[in-house]
Amino acid sequence: MVFKDRLGLETRVAELKKSMPKKRILVCGGLGCLAKGAQQVFDLFVERLETERLSWTVEKIEEDLHRPVKTGCMGLCEAGPLVMIEPQGILYLRVQPEDVEEIVEETLKKGIVVERLVYQEEKNGHKEKWPLMKDVPFYRKQVKIVLRNCGRINPESLDEYLSRDGYLALAKVVTEMSPDEVIGEITKSGLRGRGGGGFPTGRKWQFARVVKADKKYMVCNGDEGDPGAFMDRSVMEGDPHSVVEGMTIAGYAIGAQEGYIYVRAEYPLAVRRLKKAIEDARAAGLLGQNILGTSFSFDIVIREGAGAFVCGEETALIASIEGKRGMPNPRPPYPANKGLWGKPTVINNVETLANVPAIILHGAEWFRSFGTLTSPGTKTFALAGKIKNTGLVEVPMGITIRELVFDIGGGIQNDRAFKAVQVGGPSGGCLTETHLDLPIDYDSLCGAGAIMGSGGLIVLDEDTCIVEVARFFMNFTQNESCGKCVPCREGTKHMLNLLQRVVDGKASMEDVELLEKTAAVVKDASLCGLGKTAPNPVLTTLRYFRDEYVDHVLHRVCPAHVCQAMKEYFIDPEKCRSCGKCARVCPVSCISGRPKVPYVIDQSQCIKCGSCFEACPFDAIVISWRRKNHE
C-alpha cells in the first residue's frame with residue numbers, strides 16, 4: 001500500500017490496531033537466542049499449529065488462533081531462547097525444541113503455565129517463580145522507549161511497526177511542523193547523544209540547520225565496536241523502522257535529502273533487516289520522493305563498514321563513507337559545518353535516533369518525565385560479565401549502579417563478592433563498591449572518572465584481576481589505534497608494555513609512575529576521542545585500585561589469582577616417583593633430578609607454562625599462589 005497523505009497512513013494504522021491478532025507466540029529472534037536454537041523452536045511452533053488445523057479440533061484452533069512471530073531481542077539473553085505467550089504475557093526461558101509440544105498442549109490449549117520454564121530464583125530456602133514477563137525482576141524497573149518495539153513486533157513487517165503508531169511521528173512532522181519547531185521540540189526534550197559524548201541533539205541539529213548549503217546529509221552511526229556492547233545492533237535488528245523514521249525526521253529538521261546508515265558488516269542480520277525496512281518504507285511512500293504527498297523528499301543508503309573501532313569517531317566515519325581510510329581529522333571544522341563530501345552533516349547514533357519518533361509523538365515534557373534534570377530519558381545497557389542476568393536493558397537515567405547490578409542483573413554469579421563495574425566500554429572506567437549508589441547519568445559518571453560511552457557495562461567479581469582488566473582494554477585500544485597521531489599510536493603502545501610488565505611481575509614502582517604520566521599525556525594530546533579516552537581504564541584503576549598495582553609490583557602477588565607470573569609450581573617429594581616426565585616436557589629445562597630422588601623445579605627459571613603439571617602421571621606437581629608474606 002502506498003500512503004499518499006497523512007490521512008491514508010492514520011487510517012491504515014487504525015485498521016491494523018484493530019486487526020492485529022491478540023493471541024500470539026513471540027519467539028525471540030535476537031542473535032543470542034538464534035545461536036541457542038530459537039529458529040528451530042520457531043519452526044516447530046509453526047509446524048505444530050499447522051498440524052492442529054488439520055485435526056478434528058480445527059474449528060477450535062481457528063477460533064483461538066495463536067500466531068507465531070519471530071521478534072527482535074527481548075533482553076534476557078542469558079536465558080534464551082525466550083518465548084512469550086500473548087495476551088497473558090507468559091515468559092518461558094531456555095525453551096528447547098522438545099518443549100514446544102508441552103507448551104502447545106498445556107498453555108495454548110488448557111491455559112496452564114509450564115512452571116519449569118518460567119523465571120525463578122531461590123530465596124530464603126525456597127524457589128520463587130514469576131510466570132509473567134512484567135513481574136520478572138529483570139524487567140520490573142525497566143522503562144522502554146528505545147526498545148519499545150524490540151521483542152514485541154516482527155522487525156521485518158512494516159504493518160506490525162505501523163500497528164505500534166509507526167511513522168505517525170513522521171506524518172506529524174512533515175504536515176504540521178516546521179523544521180525549526182521540530183528542532184525546538186527535540187531541544188526542549190533535553191535528548192543528548194547516546195553514542196557516548198552526550199552532546200545535546202537539538203543543538204547539533206540547529207548547527208547544521210542554519211548553515212547555507214546546496215546539500216546536506218544525515219548519517220546514522222551504527223558502528224558499534226565496544227567489546228560486550230550490542231545495544232545498537234539489537235535496535236537495528238529488532239526495530240529497524242524506528243531508526244529509519246528517526247533519521248527521516250532528522251533529515252527534515254536539518255534540510256537534508258539524503259542519509260547514510262553506517263553499520264559494520266559484522267552485523268549481517270542488522271544489515272539485512274535495515275535494507276528490508278528501507279525498501280518497504282520506500283515502497284509505501286514513507287521514504288523517497290514527496291513523502292506522504294508533501295514536498296519533502298529523503299532517502300537512505302546503507303554503507304557497510306569493515307569493523308574498525310576508530311570509525312565510530314565522526315570524522316573517521318565520514319572518511320570511511322567517502323571511500324577513504326577511516327582516520328579522524330582535527331576539529332574544527334565540525335561535521336555540522338563541513339562534513340560528508342564537504343557538506344553540512346549531522347551524525348547521530350542508532351539509540352539517539354530511535355528516541356526521536358517517541359519524543360515527537362508524546363512531547364518533550366513526557367520525555368523529561370523520565371531520567372534526571374540534566375540527563376532526561378532512558379539509557380540502554382548491555383549487561384555482561386560476572387552477573388546472573390546478562391542481556392539488554394533500558395532504564396531511566398538516574399538509576400543507581402546498585403539497582404542495575406543487583407535488582408535487574410540479579411547480582412553476582414555464584415554469589416561471589418562484587419568488585420567493580422567497567423562502564424563505557426574500552427574507553428570507560430572502573431568504578432568500585434563505593435560507587436554502587438552513584439546515579440547513572442552523564443555528569444555523575446564523568447565526575448567519578450568514567451564515561452557513559454555507548455552503554456557497555458561489564459560487571460567484575462572478586463576473582464577478577466583489575467590490572468589484567470586494564471591491560472586487556474589497553475590491548476584493545478592499542479590494536480584499534482589508527483596510528484595517525486603520535487600520542488595515541490606510541491602512547492598506548494608504551495602504556496600496554498608497562499601494563500604487561502606489571503602483570504608479568506617485572507615492573508617497578510617507577511614503571512607505575514611512568515604509566516600514570518603517560519596516560520595523562522595521551523589523554524591530553526591525542527587527536528580524537530579514541531586516544532583521549534583510551535587511558536580511562538588505567539587512570540580509574542590506578543585511582544581506585546592502586547593497592548593491587550602495588551601488590552603486583554612490590555610483593556609479586558596477584559590477589560585475584562589471575563596473573564600467571566604470580567603462580568608457582570612445586571613438586572611434592574612424597575608423590576614424585578622420579579620418572580622424569582616433567583623434566584622432559586619442560587621447555588626451559590628448569591626441572592632437575594635423578595633416579596630414586598624427587599625432582600626439583602628451579603623457581604628462578606620457571607616460566608609458569610604448566611607443561612609439567614599436564615605431564616605428571618602422579619599428581620606430584622603442586623600449584624601455589626604467592627602471598628604477600630612470601631619469602
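Trainee: Leaving aside its neighbours within four places in sequence, which residues is Ser 163 in contact with?

Mentor: Happy to start there, with one reminder: this is a predicted model. Ser 163 is in contact with Leu 16, Lys 17 and Met 20, once its neighbours within four places in sequence are left aside.

Trainee: Where is Ser 163 placed?

Mentor: Ser 163 sits in the loop between α7 (158-162) and α8 (168-176).

Trainee: Does Ser 163 count as buried or exposed?

Mentor: The general idea is that a residue under 20% relative accessible area is called buried. Ser 163 has 12% relative accessibility, so it counts as buried. Its side chain also has a polar atom 2.7 Å from the backbone oxygen of Glu 160.

Trainee: Now a strand residue. What joins the side chains of Thr 432 and Thr 434?

Mentor: A polar contact of 2.7 Å joins those two side chains. Thr 432 itself belongs to strand β14 (residues 429-432), and with a relative accessibility of 10% Thr 432 counts as buried.

Trainee: Which residues is Thr 432 in contact with, leaving aside its neighbours within four places in sequence?

Mentor: Thr 432 is in contact with Phe 418, Lys 419, Ala 420, Tyr 544 and Phe 545, with those neighbours left out.

Trainee: Let's turn to helix pairs. How do I read the crossing of α9 and α10, and at what angle do their axes cross?

Mentor: The general idea is to take the angle and see which class it falls in; angles over 145 degrees count as roughly antiparallel. The axes of α9 and helix α10 (residues 201-210) cross at roughly 155 degrees and come within 7 Å. That makes α9 roughly antiparallel to α10. In passing α10, α9 makes a left-handed crossing.

Trainee: Which residues make that contact?

Mentor: From α9 come Pro 179, Asp 180, Val 182, Ile 183, Ile 186 and Thr 187, and from α10 come Thr 201, Gly 202, Arg 203, Trp 205, Gln 206 and Arg 209. Sorted by class, the contact of α9 with α10 has five nonpolar, four polar and three charged residues.

Trainee: And how do α9 and α12 cross?

Mentor: Helix α9 (residues 179-189) and helix α12 (residues 240-254) have axes that come within 7 Å and cross at roughly 120 degrees. The two helices are therefore oblique to each other, and the crossing of α9 and α12 is left-handed. Pro 179, Val 182 and Ile 183 of α9 meet Ile 249, Tyr 252 and Ala 253 of α12. This contact of α9 with α12 divides into six nonpolar, no polar and no charged residues.

Trainee: One more pair, please. At what angle do the axes of α21 and α23 cross?

Mentor: Helix α21 (residues 509-525) and helix α23 (residues 536-544) cross at roughly 135 degrees, their axes coming within 9 Å. That makes α21 oblique to α23, and α21 passes α23 in a left-handed crossing. On the α21 side, Val 512, Leu 515, Glu 516, Ala 519 and Lys 523 make the contact, facing Asn 536, Val 538, Leu 539 and Leu 542 of α23. The contact of α21 with α23 holds six nonpolar, one polar and two charged residues.

Trainee: Finally, where does Phe 618 lie?

Mentor: Phe 618 is in the loop between α26 (611-615) and β19 (621-625). With a relative accessible area of 36%, Phe 618 is partly exposed. Not counting residues up to four places away in sequence, Phe 618 touches Lys 575, Arg 577 and Cys 579.

Note on methods: Residues are numbered from 1 along each chain as its sequence is written. This is a predicted model: local features need pLDDT of at least 70, side-chain atom pairs count only at pLDDT 80 or more; totals for chains, interfaces and linings use all residues. Side-chain values use heavy atoms; hydrogens and water are left out. Axes are lines fitted to C-alpha atoms, for helices over the stretch in contact, and angles run from 0 to 180 degrees between N-to-C directions. Helices (H or I, at least four residues) and strands (E, at least two) are DSSP runs, numbered from the N terminus. Angles under 35 degrees count as roughly parallel, over 145 as roughly antiparallel, 65 to 115 as roughly perpendicular and the rest as oblique. A crossing is left-handed if the near helix is turned anticlockwise from the far one by less than a right angle, and right-handed if clockwise. Contact means heavy atoms within 4.5 Å. Ala, Val, Leu, Ile, Met, Phe, Trp, Tyr, Cys and Pro count as nonpolar, Asp, Glu, Lys and Arg as charged, and the others, Gly among them, as polar. Buried means under 20% relative accessible area, exposed over 50%, partly exposed in between (1.4 Å probe, protein chains only). A polar contact is a pair of N or O atoms within 3.5 Å; within protein, one must be able to donate a hydrogen and the other to accept it, and residues adjacent in sequence count only if both atoms are side-chain atoms.
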